[in-house]
Amino acid sequence: MSFTIKPAVREKIGLLFGIAGASGSGKTFSALTLAEGIKGKDGKIAVIDTEAGRALHYAPHPGQKADPSKGTFDFLHVDFQPPFEPMRYIEAIRAAEKAGATVIVIDSMSHEWDGEGGCSDMAEEAAMSAATDRNGNFQQWKFEAMTAPSWKKPKQQHKRMMARLIQTRTHLIFCLRAQEKIKFEKVINPKTGRERNEIRQMGFQPICEKSFMFELSGSMTMHPETPGQPRYDLPHKLNHELRDIFPSGKCIVAEQGSRLKNWAENGTDRPPEDRSMVEAREMVEAIQDAATVDALQKLTSDQGFMGLREKLRASRPRLSERVDKAVRDKMASFEANEDELGGTEASTHSGTDDLEVPSWV
């Protein structure tokens with residue numbers, strides 16, 4: 001595999017900025033205030049609202065104009081109903097972009113992980129399904145055994161979402177719920193030498209996938225006792241430049257949004273999107289999602305799919321190999337499932353011999 005090495009030059013980025021906090025900490029108002037500064041004169045704000053329309057509390061009354069100084073903002077509203085599956089967030093973002101949004105507030109991103117139909121629910125449903133036999137009998141032992149494996153698809157969906165978020169060029173602000181957490185630690189009593197459990201207060205922690213906050217350009221956590229103020233004693237990710245923009249203990253104002261935008265857009269233009277890379281990724285994902293051998297064969301026999309595959313073989317052989325490998329891996333998984341079932345059909349397609357037919361693979 002070859003690598004491209006060249007002098008480093010700063011490029012513009014699409015902001016991925018997170019604001020976490022418990023109820024009453026001011027995260028929604030702060031996010032809208034930042035968005036107001038980011039959009040400038042010609043931009044447009046959209047709010048993807050998973051909170052049953054709560055963002056509309058910050059919209060002007062009918063016939064009135066928005067006035068950020070009085071807590072109302074001019075924005076497009078996206079009413080995002082369950083299920084809160086990861087890729088539906090991408091669909092909502094794309095819809096907001098199509099409507100002309102230049103900065104998008106997602107409130108709340110926590111539902112992707114812990115909301116109705118989010119990753120946690122997806123994993124539980126998968127475990128329940130695996131633990132229920134054809135007669136509807138539930139087996140607790142199997143449910144417990146499938147708890148870890150059932151996270152495979154939700155984690156895969158989350159990774160797909162993150163891959164797209166990182167490539168998004170529209171500025172995104174994520175609001176996340178936070179809750180106080182504790183941790184039990186074993187300590188040795190120096191006097192008796194005996195081990196005991198102690199409760200360690202960990203403070204407010206964002207409700208999200210454990211790596212989500214690290215993927216962002218920057219993030220902060222707010223506290224209900226000091227609403228609207230970044231707290232450096234709580235989880236945050238702010239480099240020295242962002243710390244200059246967001247001093248601890250100061251309420252968020254629109255001017256900070258303008259500075260944040262300038263920070264993100266200070267650099268050369270990013271190269272155009274690699275369409276072949278996107279096409280290859282979507283092809284691999286479609287292959288991974290094929291539920292049966294018949295579904296996989298139908299997909300790979302589709303004229304459009306075959307045309308893209310031939311194009312990649314001719315112009316981007318490395319990407320073509322990724323697609324080919326995805327097909328081989330999927331076929332291997334079908335074969336493994338059939339072996340696990342003791343030779344019975346693992347799909348609507350019959351016969352192990354059919355699984356090994358290479359003409360369409």
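The legends below describe close-up views of charged side chains in a predicted model. Residues are numbered from 1 along each chain as its sequence is written, and side-chain values use heavy atoms, with hydrogens and water left out. Because the model is predicted, local features need pLDDT of at least 70 and side-chain atom pairs count only at pLDDT 80 or more, while totals for chains, interfaces and linings use all residues.

**View 1. Asp-269 and Lys-12 meet in a salt bridge.** Side chains of opposite charge can pair when their charged atoms come close. A salt bridge is counted here when a side-chain nitrogen of Lys or Arg lies within 4 Å of a carboxyl oxygen of Asp or Glu, and by this rule the count comes to 18. In the pair of Asp-269 and Lys-12, the N to O distance is 2.8 Å. Asp-269 lies in the loop between α8 (254-264) and α9 (275-289) and Lys-12 in the segment before β1 (16-21), so the bridge ties together parts that are 257 residues apart in sequence. Helices (H or I, at least four residues) and strands (E, at least two) are DSSP runs, numbered from the N terminus. Asp-269 is exposed, with a relative accessible area of 57%, whereas Lys-12, at 30%, is partly exposed; buried means under 20%, exposed over 50% and partly exposed in between (1.4 Å probe, protein chains only).

**View 2. Glu-51 and Arg-177 form a salt bridge.** The distance from N to O in this pair is 2.7 Å. The bridge links distant parts of the chain, with Glu-51 in the loop between β2 (45-49) and β3 (76-79) and Arg-177 in strand β5 (residues 171-188), 126 residues apart. Glu-51 is buried, with a relative accessible area of 9%, while Arg-177 is partly exposed at 32%.

**View 3. Asp-233 is paired with Arg-231 in a salt bridge.** The closest N and O atoms of the two residues are 2.9 Å apart. Asp-233 counts as exposed, at 54% relative accessibility, but Arg-231, at 17%, counts as buried.

**View 4. A network of salt bridges links Arg-160, Arg-164, Glu-285 and Asp-289.**

**View 5. Glu-85, Glu-91, Glu-124 and Glu-125 gather in a patch of negative charge on the surface.** Such a patch is made of residues with over 30% relative accessible area and no salt bridge, like charges being joined within 9 Å; the place of a Glu charge is taken as CD. Glu-91 is found in helix α2 (residues 86-98), and this residue is exposed, with a relative accessible area of 52%.

Methods:
Patch = residues over 30% accessible without salt bridge, like charges linked within 9 Å, V, L, I, M, F, W, Y side chains within 5 Å. Areas by Shrake-Rupley, 256 points an atom, 1.4 Å probe, with all protein chains shown as cover. Lys, Arg positive; Asp, Glu negative; His and termini not counted.
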